[in-house]
Amino acid sequence: MNLNDLANLGQIIGALAVVISLFYVAHSIRQNTNAVRSATAQAVQEHFASRYHLLAADFELSQLAVSGLRDYSSLSEPEKARFIAIFMAFLSYSQNSFLKWREGLLEPPPWMGWELLIMNLVAAPGGREFWRERGYLFGEEFRRHVENDLMKREPHPDAKPMGAFSIGREG
């Protein structure tokens with residue numbers, strides 16, 4: 001084997017090494033993407049769960065949430081301030097989840113469940129009134145999704161915001 005043959009062999013080995021390293025990088029990126037998606041789903045779940053834990057731990061706050069979703073305009077000023085705080089927190093989590101879903105960081109199945117929950121709350125009479133008053137505070141893409149999709153959908157026949165009252169059409 002002469003020097004030229006050795007150089008050609010070296011190039012072939014180098015090319016194979018590059019191809020193998022590209023496969024390794026692609027595999028690593030796929031694993032990283034899956035880890036990011038998993039962490040995103042976990043964070044979204046924890047944010048929504050924390051809201052429910054807050055409401056479950058405070059009977060008065062739970063009553064206020066149901067009253068506000070039923071008839072937002074009937075709330076006193078202090079009640080309205082408190083309702084705004086909890087509903088804004090929920091919708092902020094919702095907007096963040098929506099953006100993560102749009103970016104491909106949240107898989108469709110968990111998003112679809114949260115989307116139905118969002119729809120139930122903004123479709124409630126008080127939720128609609130709240131959105132008319134405060135929807136401008138959210139990003140344009142999320143606002144369009146809520147107003148042009150979620151608020152126009154027919155609620156599931158069993159839809160009950162906070163499990164309290166029906167907004168679905170009985171079939």
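Guide: Contact here means heavy atoms within 4.5 Å. The model is a predicted one.

Visitor: Which residues does Leu91 touch, not counting residues up to four places away in sequence?

Guide: By that criterion, Leu91 touches Val122, Phe130, Trp131, Phe138 and Phe142.

Visitor: What makes H3 roughly perpendicular to H5?

Guide: The axes of H3 and H5 cross at roughly 85° and come within 12 Å. Angles of 65 to 115 degrees count as roughly perpendicular, and H3 is therefore roughly perpendicular to H5.

Visitor: Which residues of H3 and H5 meet?

Guide: From H3, Lys80, Phe83, Ile84, Phe87, Met88 and Leu91 take part; from H5, Gly127, Phe130, Trp131, Glu133 and Arg134. The residues of this contact comprise seven nonpolar, one polar and three charged.

Visitor: Why are the buried residues of H6 said to line one face of the helix?

Guide: In H6, residues 140–148, the buried residues are Phe142, His145 and Val146. Viewed down the axis of H6, they fall within an arc of 95°, so they line one face of the helix. These buried residues pack against helix H3 (77–102), helix H4 (108–123) and helix H5 (125–134).

Visitor: Which residues touch the most other members of the largest nonpolar core?

Guide: That core has 37 residues, and Phe83, Phe87, Phe90, Leu91 and Phe130 touch the most other members. At least two residues of the core come from each of helix H1 (3–57), helix H2 (59–70), H3, H4, H5 and H6.

Technical notes:
Residues numbered from 1 in each chain as written. Predicted model: local features only at pLDDT ≥ 70, side-chain atom pairs only at ≥ 80, totals over all residues. Heavy atoms only, no water. Buried < 20%, exposed > 50% of the residue type's maximum accessible area, 1.4 Å probe, protein only. Helix = DSSP H or I, 4+ residues; strand = E, 2+ residues; numbered from the N terminus. Arc of directions from axis to C-beta. Core = buried A, V, L, I, M, F, W, Y, C linked by side-chain atoms within 4.5 Å. Axes fitted to C-alpha atoms, helices over the stretch in contact; angles between N-to-C directions. Parallel < 35°, antiparallel > 145°, perpendicular 65-115°, else oblique. Nonpolar A, V, L, I, M, F, W, Y, C, P; charged D, E, K, R; others polar.
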